[in-house]
Amino acid sequence: MTDVIHTRAELVAATAAAPDQVAVVMTMGALHEGHRQLMRAARERSAFVLVTIFVNPLQFGPGEDFEKYPRTLEADLEACRAEGVAVVFAPSRAEMYPDGPPQITMNAGPLGEILEGASRPGHFAGMLTVVEKLLRLTRADVSYFGEKDYQQLTLIRRMVFDLELGVGIAGVPTVREPDGLARSSRNRYLSAAERTSALALSRALREGAAHDDPDAVLATATKILEDEPGIRVDYLALTGADLGPVPASGPARLLVAARVGGTRLIDNVPVRLGKGH
């Protein structure tokens, strides 16, 4: 049985009665298999899984899709029930921000200004603000995030470390369609032709990551993306595993963001650099 609650008072009562550690999965709804995998990972660790569903206006920039972002609460609740979620917290904007937009927000720092941060100014400040609020409101012991939003995951881990929030942050590998496309709530916006074009993103990452030399990684991925006319690349970047400088050898990350038609998609894969790795 999944309880659906909407207020802070209900949330306090629910978490106070939790029989196990509180494992939280934060979402903006429009749940897909990637979200369900997060719930399953949480269920493996805790008998009390709490899912939040809140479309956070703070992390949408001018011209982004806040108003048209899909809101599918009934279908989302069915997915949560099927995955054995104990509680769904689906607050209103007024419940989350009772005094209007917060006057004090998180600063994502230098890591929040590159990649997605450069393309979407203010996005990570809004994201970190709501995540920090929800970690406190839900009294989370551990919270699960997908690796598809790798920069987001990295920033959340940094925030929890820097502010000593005492919450475990668990990353869950990207869930993909059988053809390789990373699962995303925005995939539903793609036409059939655009979806075919979008496959070049995962192919570029996969074939790039097959190399262990940084130049070869980027050259391979760049060529695949350039050969697909339906894609407009925002960025293709090879970084360290923590999004810092590329190491001479060891773990790294290859990330891409691109527009396919009117839809902006992101993806990333791990890379192992250096001979013999």
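Start by selecting His35, which counts as buried because its relative accessibility is 12% (buried means under 20% relative accessible area, exposed over 50%, partly exposed in between, with a 1.4 Å probe and protein chains only). Before going on, some housekeeping: this is a predicted model, in which local features need pLDDT of at least 70 and side-chain atom pairs count only at pLDDT 80 or more, while totals for chains, interfaces and linings use all residues. Residues are numbered from 1 along each chain as its sequence is written, and side-chain values use heavy atoms, with hydrogens and water left out.

**Stop 1: around His35**

His35 sits in helix 2, residues 33-45 (helices, H or I with at least four residues, and strands, E with at least two, are DSSP runs numbered from the N terminus). An unreviewed UniProt entry puts the feature "active site" at His35; UniProt positions are given in the numbering used here, feature names are shortened, and annotations may be inferred rather than shown by experiment. Now show its surroundings: not counting residues up to four places away in sequence, His35 touches Thr27, Gly29, Ala30 and Ser185 (contact means heavy atoms within 4.5 Å). Draw a distance, too: a polar atom of the His35 side chain lies 3.0 Å from the backbone nitrogen of His32.

**Stop 2**

Select Gln59 and Gln152, which the UniProt annotation "binding site" (unreviewed entry) covers. They are spread over 94 residues of sequence but cluster in space, with a largest C-alpha distance of 11.5 Å.

Gln59 is in the loop between strand 3 and helix 3, and it is buried at 9% relative accessibility. Leaving aside neighbours within four places in sequence, contacts of Gln59 include Met28, Arg120, His123 and Met127. Gln152 belongs to helix 7, residues 150-162, and is buried as well, at 17%. With the sequence neighbours within four places again set aside, Gln152 is in contact with Phe124, Met127 and Phe145.

**Stop 3: step across to Asn56**

From Gln59, follow the side chain: it makes a polar contact of 2.8 Å with the side chain of Asn56. Asn56 is in the loop between strand 3 (48-53) and helix 3 (73-82). Buried or exposed, would you say, for Asn56? Asn56 is buried, as its relative accessible area is 1%.

Which backbone oxygen lies 3.0 Å from a polar atom of the Asn56 side chain? It belongs to Gly126. Outside the four places either way in sequence, Asn56 is in contact with Met28, Phe66, Tyr97, Gly126, Met127 and Val130.

**Stop 4: the largest cavity**

A search of the whole structure finds one cavity of 30 Å³ or more. On a 1 Å grid over the protein atoms alone, a cavity is a set of points where a 1.4 Å probe fits but cannot get out, and a pocket is an open set with protein on both sides within 12 Å along at least five of seven lines; lining residues have an atom within 4 Å of a point. Grid points are joined across faces, edges and corners, and a volume is the space filled by probe spheres set on the points.

The largest cavity has a volume of about 70 Å³. Helix 8 (192-208) and strand 9 (263-273) each supply at least two of the lining residues, and strand 9 gives the largest share, three residues. Colour by class and you get five nonpolar, three polar and two charged (Ala, Val, Leu, Ile, Met, Phe, Trp, Tyr, Cys and Pro count as nonpolar, Asp, Glu, Lys and Arg as charged, and the others, Gly among them, as polar).

**Last stop: Thr2**

Finish at Thr2, in the segment before strand 1 (3-5). Thr2 is buried at 7% relative accessibility, and its side chain reaches the backbone oxygen of Val85 at 2.7 Å.

Key. Polar contact = N/O pair within 3.5 Å; in protein donor to acceptor, adjacent residues only side chain to side chain.
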